[in-house]
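Dear colleague,

Please find the structure below, handed over for your records. My notes on what was found in it follow directly after.

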Amino acid sequence: MPGNKYNGTPVTPRTRLERLLLNRELRKFNRFFNPSDELDDGLKEAELFANDSVLNKDENCGPFNEETFSEGVDGSERLHKQRLLVVANRLPVSAVRKGEDSWQLEMSVGGLVSALLGVKEFDARWIGWAGVNVPDEIGQKALTTALAEKRCIPVFLDEDIVHQYYNGYCNNMLWPLFHYLGLPQEDRLATTRSFQSQFDAYKKANQMFADVVNKHYKEGDVVWCHDYHLMFLPKCLKEYNSKMKVGWFLHTPFPSSEIHRMLPSRSELLRSVLAADLVGFHTYDYARHFVSACTRILGLEGTPEGVEDQGKLTRVAAFPIGIDSERFIRALELPQVQDHIKELKERFAGRKVMLGVDRLDMIKGIPQKILAFEEFLEENPEWRDKVVLLQIAVPTRTDVPEYQKLTSQVHEIVGRINGRFGTLTAVPIHHLDRSLDFHALCALYAVTDVALVTSLRDGMNLVSYEFVACQASKKGVLILSEFAGAAQSLGAGAILVNPWNISEVASSIGYALNMPADEREKRHNHNFRHVTTHTSQEWAATFVRCSLELNDTIVEAQLRTRQVLPLLPVNDAVERYTQSSNRLLILGFNATLTEPVHTLGRRGSQIREMEPRLHPQLKEPLKKLCKDQMTTVVVLSGSDRTILDENFGEYNMWLAAENGMFLRRTTGKWMTTMPENLNMDWVDSVKKEHLDLTLSSVKPLSYGITSMQMLSSEDFKQGICCSISGQGLFQMQQSMLFKVAAQLRFEQSVLQRMKISIRFLSQSFLLKHLL
């Protein structure tokens with residue numbers, strides 16, 4: 001998978017995506033060293049905030065600024081810009097109904113809005129839910145007209161769909177699972193009916209989004225789908241138009257395959273996402289987890305560029321999001337922000353300021369943070385009147401019992417600590433259960449000495465970015481959880497901690513408060529350079545450019561599809577069959593005549609460890625074929641003779657076992673196709689040597705090792721496992737067999753071609769005996 005300079009891009013880019021990302025890095029660093037070219041005039045008026053900023057929920061940016069939002073896209077200039085359809089669960093505006101046919105639209109906050117406002121080379125249209133239920137046709141028409149002026153297109157979802165799709169499947173199943181919280185138990189879903197009804201509503205809602213996209217799609221548009229709410233959307237769009245350019249980006253973590261496999265709808269969601277042309281994640285780890293899930297759950301092939309399925313390549317890459325750092329830097333110069341800074345400095349004079357800014361959520365690790373601060377005060381009494389922790393905790397989902405319990409727990413811990421270490425005039429923790437406006441937040445960032453981010457699991461966490469952007473003067477220290485996506489970007493300049501290790505976090509607090517000025521400056525400069533070059537605008541532009549430039553060329557598509565066997569032309573085959581008088585049918589057994597992989601008790605990797613069985617629905621058709629005097633039926637399989645005897649002993653046909661090594665008619669005896677003078681001494685030497693390989697499922701057959709799973713310790717870590725098939729037709733020396741396999745790292749495609757060549761040779765023996 002392609003990466004960036006933080007996840008190991010090769011010095012010489014090998015793929016088109018790697019070249020694009022390398023050019024992106026060069027542009028960013030050129031901009032950093034030439035700051036006069038850095039600012040885009042179109043960004044100066046945008047007053048949007050990054051998606052992890054904690055802002056007053058009642059505050060908005062006023063009426064939607066249409067000039068800012070649609071600047072440079074009117075008139076003839078629009079014709080020269082690439083159209084971009086941004087599809088997200090929510091539109092970037094909030095709609096308030098003022099009458100039967102009138103609506104008031106107000107700007108919503110969000111990092112995605114900020115990112116795309118800064119990308120002037122694309123003509124963006126937004127498609128999403130307006131956040132309100134509009135059951136009447138008059139209201140829907142009025143809202144559609146009002147949103148059209150802002151280049152927004154609504155998707156109308158009724159209350160039941162929202163209840164099951166958004167509150168149910170998205171928030172109660174996908175979100176907890178993607179954050180490693182596991183699936184909820186049925187008795188905890190007081191507001192939803194069942195997993196299946198939620199999933200059905202999820203698919204229905206995604207189809208409704210797809211219908212709106214298809215209605216407004218024009219040839220050449222790029223469709224960019226966002227987040228776990230719309231994992232089914234790429235499949236729905238590709239079914240409508242296979243040539244549509246579709247990208248999908250996940251804003252949360254993507255869990256390990258061992259976590260994702262718990263999801264009942266795991267395979268359907270993965271295949272739906274794979275319908276996209278480009279799949280993006282915040283970090284390389286998330287991208288690697290996705291490819292691993294596709295490999296282990298779906299059995300597909302992971303490649304350096306993504307995931308390949310029957311010649312169709314879905315490219316997978318990491319695109320770390322950022323913030324509009326210039327907005328925060330400029331805000332520090334505003335008079336109202338300077339007044340806030342002065343007030344805070346006077347309020348906390350003589351004390352070091354530590355800051356935590358989070359949503360009051362289970363994944364944010366607020367209790368762990370406060371407990372670590374308590375342990376620090378216990379072990380360092382000299383700091384008790386010299387440091388203060390300011391914790392901003394914005395309440396979310398206040399009607400959910402788990403969140404109510406978390407709020408009580410946090411309040412209890414804060415009260416206990418303030419009671420132990422506080423005085424009549426000062427307390428060590430200032431806890432606010434509310435949000436702050438943008439200017440107050442910037443001022444708070446500016447006066448902070450140590451920022452504490454202890455997320456238990458976070459997609460990115462842009463609070464750390466915002467803190468760094470506001471620290472040009474003070475150069476404070478960032479303590480960052482290793483489980484936040486930002487750790488892969490800011491880890492070199494931050495102090496990384498495991499938030500579950502309270503003692504480690506407490507020690508890190510002491511180290512940060514006593515850090516020398518030169519080390520603070522060095523760490524800050526590293527992170528500041530990253531934050532100011534990897535902006536949200538650059539993130540959006542890079543993803544969309546990659547979506548445009550990663551379309552398959554004709555040659556690339558042909559090269560991949562040539563490797564996939566074409567489908568049998570059924571009509572031609574039936575016509576020739578009926579016209580012929582002497583027919584030979586050679587049928588495979590495994591995965592051809594066997595029961596489906598997903599039959600109960602035979603799913604996933606277990607299929608290799610179970611004896612294959614003939615599909616019940618094929619028994620009667622097969623009997624009719626075998627009774628036809630003009631038709632000779634041969635079943636060719638890698639299985640041994642006993643398995644074929646058990647499944648086909650009652651039919652009048654020919655059986656070829658062990659890839660053609662043994663042959664018999666069901667009315668006769670087994671005979672071997674092995675040359676009499678073939679030397680098989682190499683088999684024993686192969687078994688004795690290379691003991692460092694772990695042999696699993698070793699099944700010795702009559703000649704050689706015809707079915708063996710081989711896995712080295714290194715390959716086990718990477719989840720690579722493939723079959724090597726051999727037989728007496730090849731006098732393979734042990735050194736050749738293992739050295740080639742080691743060099744290829746058990747490359748499945750090459751080994752599969754080896755197996756195919758064996759089958760072709762086997763068929764020549766069959767034809768010799770049959771004809």
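H229 is buried, at 10% relative accessibility, where buried means under 20% relative accessible area, exposed over 50% and partly exposed in between, with a 1.4 Å probe and protein chains only. H229 sits in the loop between strand 6 (222–226) and helix 7; helices (H or I, at least four residues) and strands (E, at least two) are DSSP runs, numbered from the N terminus. Leaving out residues up to four places away in sequence, H229 touches N89, Y165, Y166, C170, Y202 and N206, contact being heavy atoms within 4.5 Å.

This is a predicted model, in which local features need pLDDT of at least 70 and side-chain atom pairs count only at pLDDT 80 or more, while totals for chains, interfaces and linings use all residues. Residues are numbered from 1 along each chain as its sequence is written, and side-chain values use heavy atoms, with hydrogens and water left out.

Next, the pair formed by helix 6 and helix 7. The axes of helix 6 and helix 7 (residues 233–240) come within 9 Å and cross at roughly 45 degrees; axes are lines fitted to C-alpha atoms, for helices over the stretch in contact, and angles run from 0 to 180 degrees between N-to-C directions. Helix 6 is therefore oblique to helix 7, given that angles under 35 degrees count as roughly parallel, over 145 as roughly antiparallel, 65 to 115 as roughly perpendicular and the rest as oblique. On the helix 6 side the contact is made by N206, Q207, F209, A210, V213 and N214, and on the helix 7 side by L233, C236, L237 and Y240. N214, which belongs to helix 6 (residues 195–216), is buried with a relative accessible area of 11%. Apart from neighbours within four places in sequence, N214 is in contact with L237, Y240 and M244.

Turning to the strands, six of the seven residues of strand 11 (residues 312–318) are buried, so strand 11 is largely enclosed by the rest of the structure. Strand 8 (residues 278–281) runs parallel to strand 11 and is joined to it by four bridges, with V279 partnered by V316; two strands pair if DSSP finds at least two bridges between them. Strand 10 (residues 306–309) runs antiparallel to strand 11, again through four bridges, and here V307 has T314 as its bridge partner. The hairpin of strand 10 and strand 11 has two residues between the strands, and in it Q310 takes a positive phi near 50 degrees.

There is also an open sheet of six strands, in the order 14-13-12-15-16-17 and with parallel pairing. Strand 14 (429–432) and strand 17 (495–497) are at its edges with a single partner strand each, so one side of each has no neighbour in the sheet. The twist averages 15 degrees from one strand to the next. Within this sheet, four bridges join strand 15 (residues 450–453) to strand 16 (residues 477–481), and V450 stands opposite V477. Helix 15 (residues 438–447) lies across strand 12 (352–360) and strand 13 (387–395), at about 140 degrees to strand 12.

N461, in the loop between strand 15 and helix 16 (463–469), is not a glycine, yet has a positive phi of about 75 degrees; N461 is buried at 2% relative accessible area. K475, in the loop between helix 16 and strand 16, has a positive phi near 55 degrees and is buried at 19%.

Yours sincerely
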